[in-house]
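Here is a brief report on selected features of one protein model. It covers a helix pair, a sheet and a single residue.

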Amino acid sequence: MFNSHNFDKKKFKKSVEDNVRVLFRRSIEEADKQQIFQAVCYTVKDTIIENWMETQQACDEQNPKIVYYMSMEFLMGRALGNNLINLCEYKEVKEALEEMGIDLNMVEDQEPDAALGNGGLGRLAACFLDSLATLGYSAYGCGIRYRYGMFKQKIRDGYQLEVPDDWLRDGNPFELRRRDLKKEVKFGGFVKVETDKDGRNKFVQEGYQSVNAVPYDMPIVGYGNGIVNTLRVWDAEPVECFQLDSFDKGDYKRAVEQDNLARNIVEVLYPNDNHYAGKELRLKQQYFFISASVQEAVEKYLRHNDDIKKFAEKNVFQLNDTHPTVAIPELMRVLMDDHGLSWDEAWEVTTHTCAYTNHTIMSEALEKWPIELFSRLLPRIYQIVEEINRRFCLHIQEKYPNQPDKMRNMAIIYDGQIRMAYLAICAGYSVNGVARLHTEILKKRELKDFYDMMPQKFNNKTNGITQRRFLLHANPLLADWITDHVGPDWVTDLPKIEGIKVYADDKKAQSEFMNIKFKNKQRLAEYILEHNGIEVDPRSIFDVQVKRLHEYKRQLLNILHVMYLYNKIKAHPEMDFYPHTFIFGAKAAAGYRIAKLTIKLINSVAEVINNDASINGKLKVVFIEDYRVSNAEIIVAAADVSEQISTASREASGTGNMKFMLNGALTIGTMDGANVEMAEEMGKENMFIFGLSADEVIDYEKNGGYNPMDIFNSDQEIRDVLTQLINGFYAKDDPDRFRDLYNSLLNTQSTNKADTYFILKDFRSYVKAQEEVEKQYKDTALWAKKAIINTASAGKFSSDRTIREYVDEIWHLDHVKLDKKKK
């Protein structure tokens, strides 16, 4: 229909009009916005399907090694704009639609964000899929087709309210239902041992409940190369759809029992696991998509290859954190029970197929399952895990005789729990962290015993982001400016962006760069006015912290500082102070009480400050509701200051920090995660670094020596801020509303450690760094220079670089070669 080398505008417009008529029985003039969106998507999909089929045909002919990227989440964002960017047709389609009287931005705004992920884990997975396709490797993303995502966040009276994210209400025009590839997934029951004709034990699961896993394929379009890979998300359907006999007998509940079992598995991402039923549902979800993905991967391999023992030569399973770790025993089960391999043969295949990415330093976040739950829900899988553990423990005893601590620190099954990270390390052939500091902490502290035993498995792969979404699509003004100065090669080779560094001292370039920033700030100000009803000044400093809300990310430090500034301005109205707009965006997990209370505090502070006319607009506070990829694109392009202020040693990497850097925001941050490597790339003088180092935090945690009450007693201004948490200043109707936040910092009411995340310890250092931000922002030329240097130094942080490292050092994939004549 049309392709990147020969766009046929007339054909495109006719296709859109035809789709409106066929899909909705309307003319283009009668169609509403959603109908026009659907029609445009189906027109674009025609081209994608053609490329998708050519890619699949090339893979069938070339039989390349495939990576299956297994992840509980894929935070994809909107598909239409990204697909047009990667088809190299964005400007052509925009122009064609304009001739039809249609605004492409309006069309894009009709698309809900795909509710398949939540945080950095899922966004990283999405960036990786984009890079794999762009670099020409064969890859499948494997996950779950959640019907309602985690939740859509509403803010009511300052509180977070979770409502279903009904993103599939109007359908997803880019997905393909593949019922021909459905798989049965079994839960519960018991394992019966039979003997086959050769005298070998055969394990058969009986008395189980099962569901059908039905895949929905979504295209992942490579940039300008014709490659289209697949994100395969699994939906659950009942094996027996509707029990008519039960219905006819009046047992209506039993009639739909199977349907409800299936629906529950795919309703939401990360169901609240503060109770047993929630834990069980999470484990069901994990096994559901993993079992289906592993079964299909094996079947796909056997469609093109004969020897199942060589499976690892053509396949790799990358486990994105601990959630997909059941892939290890599931692959063992399929190889042994379905294909007759011996234990040793299956283990040889599995341990050369599976690789593990660790995303957290905090040991409490490493997933563990109670034996009682795991063995009841997955009886055959538990038998296999138990045998892996038995053999591994023997290996530990042989290597470390008379060292019981090693067993306690390394056994997969211990104290009634299955430790999934330990299973991934034991069976995986590669274990990688996601930033250099993070990997070193894993090796020296959290996973030290494993590193000592098997150092060859451990490696680092610093995270990256796709510049195609977060610069080319999110910030077209800056993208065009960069292309005008260094050419277009940066789109697929981000280090080329370093060429703009020669313009850092150029007055004309500085003026152009900052004018682009100002226009992006105006765009965000309009968004805030529309969605929050708050007028913000685009000439003020836009200080932004948008990310998942967790105590270690320290949104509380940020808002306490805002309270501190407000007190200063009120006490000294004559003081010289450059106007600031503090912008927050974050979702808190539904069961995470302290995080949700922090959201309420931010909104309560905003309510007081934004309605105080006496401060003449010097301070504004905005909480952006329902932070997601589509509004992130608007936010990152507009930020002056990027808040990356996690407690040092706690953030594995971060990727938001890279998006802001790429778009010319200056970072205020701790030396944590990828901030460390960012500082190396751009120079520490182009960041605002504060706070304890990772080593200092670890030392305090190990040896003590920090009492936040000492700071409370000795620092009047900090004491004033904390007292406002409990004296009703921000909660006149309920002075005790924020008591739990106060207690978390000072430990006045519990035996738990106080200020676990060193907020008060870092507070004065943070204040000083913020004062330096204001001072440097007033020097327009200096700020512009540093902003340009930030963007110019972001080359390392492309997910293209990360994927090349995975391919060269872990996966060893082959390029897929398309027939250029066809292209």
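## A crossing helix pair

The model is predicted. In it, α22 and α33 are roughly perpendicular to each other. Their packing angle is about 80°, and the axes lie 9 Å apart. Helix α22 covers residues 507–532, and helix α33 covers residues 780–792.

On the α22 side, the contact is made by Lys507, Ala509, Gln510, Phe513 and Met514. They meet Ala781, Trp783, Ala784, Lys785, Ala787, Ile788 and Thr791 of α33. By class, the residues of this contact are eight nonpolar, two polar and two charged.

## The six-stranded sheet

An open sheet is built from six strands with parallel pairing. The strand order is β20-β19-β18-β21-β22-β23. Strands β20 (619–623) and β23 (688–689) stand at the edges. Each has a single partner strand, so one side of each lacks a neighbour in the sheet.

Within the sheet, β21 (residues 641–644) and β22 (residues 666–669) run parallel and are joined by four bridges. Glu643 has Ile668 in β22 as its bridge partner.

Helix α23 (residues 555–571) lies across β18, β19, β20 and β21. This helix runs at about 155° to β19 (580–585).

## Gln286

Where does Gln286 sit? Its place is in helix α10, which spans residues 276–304. Gln286 has a relative accessible area of 2%, so it counts as buried.

The side chain of Gln286 makes a polar contact with the side chain of Glu367, at 2.7 Å. Beyond four places away in sequence, Gln286 touches Met72, His323, Val326, Glu367 and Trp369.

Methods
Residues are numbered from 1 along each chain as its sequence is written. This is a predicted model: local features need pLDDT of at least 70, side-chain atom pairs count only at pLDDT 80 or more; totals for chains, interfaces and linings use all residues. Side-chain values use heavy atoms; hydrogens and water are left out. Helices (H or I, at least four residues) and strands (E, at least two) are DSSP runs, numbered from the N terminus. Buried means under 20% relative accessible area, exposed over 50%, partly exposed in between (1.4 Å probe, protein chains only). A polar contact is a pair of N or O atoms within 3.5 Å; within protein, one must be able to donate a hydrogen and the other to accept it, and residues adjacent in sequence count only if both atoms are side-chain atoms. Contact means heavy atoms within 4.5 Å. Axes are lines fitted to C-alpha atoms, for helices over the stretch in contact, and angles run from 0 to 180 degrees between N-to-C directions. Angles under 35 degrees count as roughly parallel, over 145 as roughly antiparallel, 65 to 115 as roughly perpendicular and the rest as oblique. Ala, Val, Leu, Ile, Met, Phe, Trp, Tyr, Cys and Pro count as nonpolar, Asp, Glu, Lys and Arg as charged, and the others, Gly among them, as polar. Two strands pair if DSSP finds at least two bridges between them.
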